[in-house]
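Dear colleague,

I am handing over the structure below, together with some notes on what was found in it. Please read them with the sequence and the coordinates open beside you.

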Amino acid sequence: MNPADAVPRGHSPADVDLSVSVGALRLRNPILAASGTFGYGLEFAQLVNLEALGGFVTKGLSREPIEGAPPPRVCETPSGMLNAIGLQNVGVRAFIAEKLPVLRKIDTTVVVNVFGYDLEDYVEVIKALEGEEGPAAYELNISCPNVKKGGMQFGSDPSLASEVVAAAKSVALRRPLWVKLSPLVTDIGLIARAVVEAGADALTVANTYPAMAIDFRTGKSRLGNKTGGLSGPAIKPITLRLVWETVRAVNVPIIGLGGIETVRDVLDYVSVGATCVQVGTASFTDPRASDRLARALPRAIFEAKAFTLSEIRERFQAENG
Ligand SMILES: Cc1cc2nc3c(=O)[nH]c(=O)nc-3n(C[C@H](O)[C@H](O)[C@H](O)COP(=O)(O)O)c2cc1C
């Protein structure tokens with residue numbers, strides 16, 4: 001008899017164990033809603049049971065409030081969408097005063113997404129949050145232009161990325177630091193290793209792809225900002241490969257996101273090594289998408305004749321090394 005057959009296997013989807021650990025952080029399931037597509041969580045509280053999710057990531061917070069880019073800010077593209085929101089947000093102080101007190105009453109994992117245009121911006125946002133109860137982790141968005149270095153993205157240069165992560169880590173004393181990588185790099189392993197050496201506790205892979213959509217008849221861009229970020233199902237195969245490469249490059253948990261719409265998408269990311277996933281654009285077509293996926297996952301795993309996410313992952317590893 002195969003020794004695995006001797007282990008009690010359970011009898012129904014209810015026996016599937018969905019809990020995951022992202023480093024020291026325990027999540028009830030691997031589905032989080034992604035930054036920028038779920039507001040500050042509260043906007044979705046009437047539609048989604050926030051306590052049934054693995055958690056959610058807030059809209060990116062900056063030192064000061066930002067009004068954002070001119071309209072139109074989003075447009076549909078084949079199998080995806082473009083957005084140029086311009087990182088609109090209420091600013092870290094208003095988040096602490098108005099959103100965090102309500103979020104504290106909800107039993108869910110709140111990851112706070114942080115961004116800045118120079119190193120000090122990142123440091124100041126984290127310092128402000130360090131004094132507060134509520135967040136479970138920080139997620140650093142390094143896909144932003146560094147104004148002091150000629151607008152070059154933090155996330156596309158290993159030494160800049162490493163500098164900003166080290167600075168953030170030196171003040172992020174209370175909580176894990178996740179770093180969200182830009183997909184627009186020639187070697188994601190290089191950036192991944194640099195930010196892990198600088199102190200990242202987990203990596204989120206990845207952000208949107210710089211892209212554009214125009215209307216040749218009017219000669220106009222379909223976005224107020226001219227260019228934007230591509231997301232949705234169109235990007236999934238590209239990001240899936242990036243997650244696979246990142247998993248092989250570093251030894252910290254990887255959070256996969258890009259184009260997830262179905263449980264199959266979730267399990268594809270888990271197979272290539274993601275510890276958990278985030279759901280972004282899918283929440284625009286179905287605001288309950290993350291909740292729906294968390295509920296559908298046990299049956300999908302059971303039907304795949306498995307009881308844990310690790311078993312799903314091991315299958316791919318056994319085939320592909
Ligand atoms: C409208 C919109 C706003 C976003 N805002 C942020 C943001 O503030 N910070 C961030 O790190 N990522 C932001 N993202 C990127 C998403 O979190 C995610 O990385 C990306 O959309 C890919 O996942 P998806 O294909 O599931 O949407 C935004 C995406 C969209 C569509």
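Lys226 is found in the loop between strand 15 (220–221) and strand 16 (228–231), and in this predicted model Lys226 has a positive phi of about 75° although it is not a glycine. Most residues other than glycine have a negative phi, and most peptide bonds are trans, so both kinds of exception are noted here. With a relative accessibility of 54%, Lys226 counts as exposed, because the cut-off for that word is over 50%.

Another residue of this kind is Ser79, which lies in the loop between strand 5 and strand 6 (80–83) and has a positive phi of about 55°, although Ser79 is not a glycine either. A positive phi is also found just after helix 9, where Gly321 takes a value of about 75°.

As for the peptide bonds, the one from Pro71 to Pro72 is cis, with omega near -10°, and Pro72 is found in the loop between strand 4 (55–57) and strand 5 (74–77). The bond from Val205 to Ala206 is cis as well, with omega near 15°, and here the place of Ala206 is in the loop between strand 12 (202–205) and strand 13 (209–211).

Is Val48 buried or exposed? At 3% relative accessibility Val48 counts as buried, since the cut-off is under 20%. Leaving aside residues up to four places away in sequence, Val48 touches Phe38, Leu53, Pro287, Arg288 and Asp291. Between Val48 and Arg174 there are 126 residues in sequence and 29 Å in space, taken from C-alpha to C-alpha.

Turning to the helices, helix 1 (residues 92–103) has 12 residues, but its end C-alpha atoms are only 14 Å apart, which is short of the 16 Å that a straight helix would reach at 1.5 Å a residue. The buried residues of helix 1 are Val92, Phe95, Ile96, Lys99, Leu100 and Leu103. Seen down the axis of helix 1, these buried residues fall within an arc of 130°, and therefore they line one face of the helix. An α-helix has 3.6 residues a turn, so residues three or four places apart point the same way. What covers the buried residues of helix 1 includes strand 4, strand 7 (110–114) and helix 2 (119–130), whereas on the other side of helix 1 the residues Arg93, Ala97 and Glu98 are exposed.

Helix 9 (residues 309–320) also has 12 residues, and it reaches 17 Å from its first C-alpha to its last, close to the 16 Å expected at 1.5 Å a residue. The buried residues of helix 9 are Leu309, Ile312 and Arg313, and because they cover an arc of only 95° around the axis, they are on the same side of helix 9. Among the elements that cover them are strand 1 (20–22), helix 6 (263–271) and helix 8 (289–303), while the face of helix 9 turned away from its buried side carries the exposed residues Ala318 and Glu319.

Two helix pairs that share helix 4 complete these notes.

Notes:
Residues numbered from 1 in each chain as written. Predicted model: local features only at pLDDT ≥ 70, side-chain atom pairs only at ≥ 80, totals over all residues. Heavy atoms only, no water. Helix = DSSP H or I, 4+ residues; strand = E, 2+ residues; numbered from the N terminus. Expected span 1.5 Å × (residues − 1). Buried < 20%, exposed > 50% of the residue type's maximum accessible area, 1.4 Å probe, protein only. Arc of directions from axis to C-beta. Contact = heavy atoms within 4.5 Å. Axes fitted to C-alpha atoms, helices over the stretch in contact; angles between N-to-C directions.
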